[in-house]
Amino acid sequence: MNVTRPLIVGGAVGSLLLAGCSADTSSADADASEASLSVGASFYPLQYVAEAVGGDDVAVTSLIAAGVEPHDAEMSPATVRSMQDMDTVLFLSDFSAAVDDAVDTTGARSLDAHHIVDEHGEEEAEHEDETHEDDEYASEDGHDHGTLDPHFWLDPTLLAEYAEDVVAEFSELDPDNAASYEERGNALIADLDALDQSFTDGLATCERREIFVSHEAYGYLGLRYDLAQEGMSGLDPEAEPSPARIREIRDLIEDSGATTIYTESKVSAAVAESLADDAGVTTAVLDPLETIADGDDYIAVMTRNLEELRTGLDCS
Ligand SMILES: [Zn+2]
């Protein structure tokens, strides 16, 4: 077992140091006057790509307040009004109803990431089905196959696909800076490819390949790196697991020899904590990156996720 701790410790220290800062991660106020484009991003991974590709040429505004879980987020009327002045709005339809409504109502130009879900979601659903053949209760707890899993950004290669969309969108709106968007996009894609390689290598040889999670956000990640997720609350983190599902998860944990239940920072971990106590296992944080803390970014959080997976699954 090769456990790398410094990254986790570094992250914890970072959030302590920054705990007193404002939670506003929007960069719209940073040199907005010099930016060529004004862009809205509906939640963190889309914002991350917009900022990485846009650099100083784009002022990015987060449409949902920092720290708010985007599945059920609301938007302030002021933010909705401001969308009319944005050059484009980056969003994922069927994920945050408030943003879908705001895009409709304002008629703002928008780029919908949903085609990535359309392209890869069926394959992800099949992978989920294959890994849940024996689950009696899973279908009652959020495996609603009428809705494709939205969480594509947890596979770095799919976020790289999305980066290409953003390069094309910015270049069309602002052809003078197209070369810069292309260059920064390529740098981002190279970072995401390197992250993908770390996951492939880091999860190649593990004692177990089953992950027990509170929020079923890891379907695409599981498809890419051959992991099977068992979720308590389904695709929507707010959904309460049924007592039958909790008993089933308990049995699955015992059968699999799992040592860890993964919870997430932004959502109450109470059910997972008590289940872990009951089953005699520990909890660890796996972050679905739907929001971000000050001082963190996609690559840093995904790198911590990888270390938590390697520890929890006893990877060599
Ligand atoms: Zn989610």
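Predicted model: local features only at pLDDT ≥ 70, side-chain atom pairs only at ≥ 80, totals over all residues.

Modeller: Let us begin with the criterion, under which a disulfide is a pair of cysteine sulfur atoms within 2.5 Å.

Colleague: By this rule, to what number does the count of disulfides come?

Modeller: Cys206 and Cys315 are joined with an S to S distance of 2.1 Å, and the cut-off for such a pair is 2.5 Å. By this rule the count comes to one disulfide.

Colleague: How many residues apart in sequence are the parts that Cys206 and Cys315 tie together?

Modeller: The link of Cys206 and Cys315 is right-handed, with 100 degrees about the S-S bond. Cys206 lies in the loop between helix 7 (178-202) and strand 5 (210-213), whereas Cys315 lies in the segment after helix 11, so the parts tied together are separated in sequence by 109 residues.

Colleague: Is Cys315 buried or exposed?

Modeller: Buried means a relative accessible area under 20%. The value for Cys315 is 1%, so Cys315 is buried.

Colleague: Where does Leu289 lie, given its positive phi?

Modeller: Leu289 has a positive phi of about 60 degrees although it is not a glycine, and with a relative accessible area of 0% this residue is buried. Its place is the loop between strand 8 (282-285) and helix 11 (298-312).

Colleague: What is the relative accessible area of Asp226?

Modeller: Asp226, which is not a glycine either, has a positive phi of about 60 degrees, and it is found in the loop between helix 8 (219-225) and strand 6 (228-231). Asp226 is partly exposed, and its relative accessible area is 47%.

Conventions
Residues numbered from 1 in each chain as written. Heavy atoms only, no water. Helix = DSSP H or I, 4+ residues; strand = E, 2+ residues; numbered from the N terminus. Buried < 20%, exposed > 50% of the residue type's maximum accessible area, 1.4 Å probe, protein only.
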